[in-house]
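User: I'm new to this one. Can you walk me through it?

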Amino acid sequence: MSNELIDFVIVSIALLGIGIYGLSVKRNAIRMLFAIEIIINAANLNLVAFARYIPNSGGQTLALFSIAIAAAEVAVGLSLIIVAYRMYQNIDIADFRSLKG
Amino acid sequence: MVDATFLALSVLTIGSAIAALELRSLIYGSIALMGTLGGIAGFFLLLDSPFIAIFQIAVYVGSIAVLILFTVMLVKRELIFKKIEDRRRKFAGIGLMLILMVGLGSIIIDSGLRTIQTDEPPVDFRDIGKDFVTYYWPALVLMALILAGAVTGALVLARREDVADEQRTN
């Protein structure tokens, strides 16, 4: 393997930075979900990169669990966005001020 | 040193991550997000874990990106093409991103990670399957229940008809 661990970690840091930029600047609820996805993928990349350097399969199993839980999170997040869109007819999170019952 | 495949994959992944956040249209943005997720799957292939790469393609590129595309289609046309962001926060956000990248990057480059080498053979995917049904089976069952609960909860939330009516009466 010609690529080293540190290369993958640096790509993962770049993705984390882009995701945090998206979370702090964007007010579009769907774009914020994109940013969360990018951060989760950076974490998964880190997990698999470090798992390559241990002799057993524990790290890869953990990465699979992480991917599955992220899928569940996206489903719930998207349905929350749909409900909020129906209530406010907008996807700007600045309009979601009163989310009480 | 990195090879050409790695360089191409990182340009694809990081470039389409920026495009996903910055393209004006949400539809093109979600297609660019697909590019990011596919690039990550390519990294998994480079890391000798084909099983996770296939899983990533099936779960992320196959289902989550399509789910996001369908959600975008449910939104009004004007909202899809409108850029909603805090202009005042834009430079602060870019600054935060650069500080984070430079800070974390310099820490990582100075750390001992650079010298780590491995001669281990890649993990066989059969071992992962065995792990799932032997040592990790309670976690697997729990994960299945969480997934079922999340999908049911998402359906119940999205099908609530009374929400729009309540808002109208208010």
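Analyst: One term to begin with: a residue is buried if 20 or more other C-beta atoms lie within 10 Å of its own, exposed if 12 or fewer, and partly exposed in between, with C-beta atoms placed from the backbone. This is a predicted model, where local features need pLDDT of at least 70, side-chain atom pairs count only at pLDDT 80 or more, and totals for chains, interfaces and linings use all residues. Residues are numbered from 1 along each chain as its sequence is written, while chains are lettered from A and ligands numbered from 1 in the order in which they are written.

User: How many residues of α7(B) are buried?

Analyst: Of its 22 residues, 1 is buried, so α7(B) lies largely in the open. Helices (H or I, at least four residues) and strands (E, at least two) are DSSP runs, numbered from the N terminus.

User: How far does α7 of chain B reach?

Analyst: The helix covers residues 137–158 and reaches 31 Å from its first C-alpha to its last. That is close to the 32 Å expected at 1.5 Å a residue. The expected span is 1.5 Å times one less than the number of residues.

User: Switching to chain A. Which elements does it have?

Analyst: Chain A has 3 helices and 0 strands. Its radius of gyration, taken over C-alpha atoms, is 17 Å.

User: What box does chain A fill?

Analyst: Its C-alpha atoms fill roughly 50 × 25 × 15 Å, along the principal axes. Buried residues make up 50% of chain A.

User: How many residues of chain B are in contact with chain A?

Analyst: 76 residues of chain B are in contact with 62 of chain A. Contact means C-beta atoms, placed from the backbone, within 7 Å. On the chain B side, α5(B) gives the most, with 12 residues.

User: What does F44(B) touch?

Analyst: Leaving aside neighbours within four places in sequence, F44(B) is in contact with V48(A), S49(B), I52(B), A53(B) and Q56(B).

How values were computed. Contact = placed C-beta atoms within 7 Å. Rg over C-alpha atoms; globule rule 2.2 N^0.38 Å.
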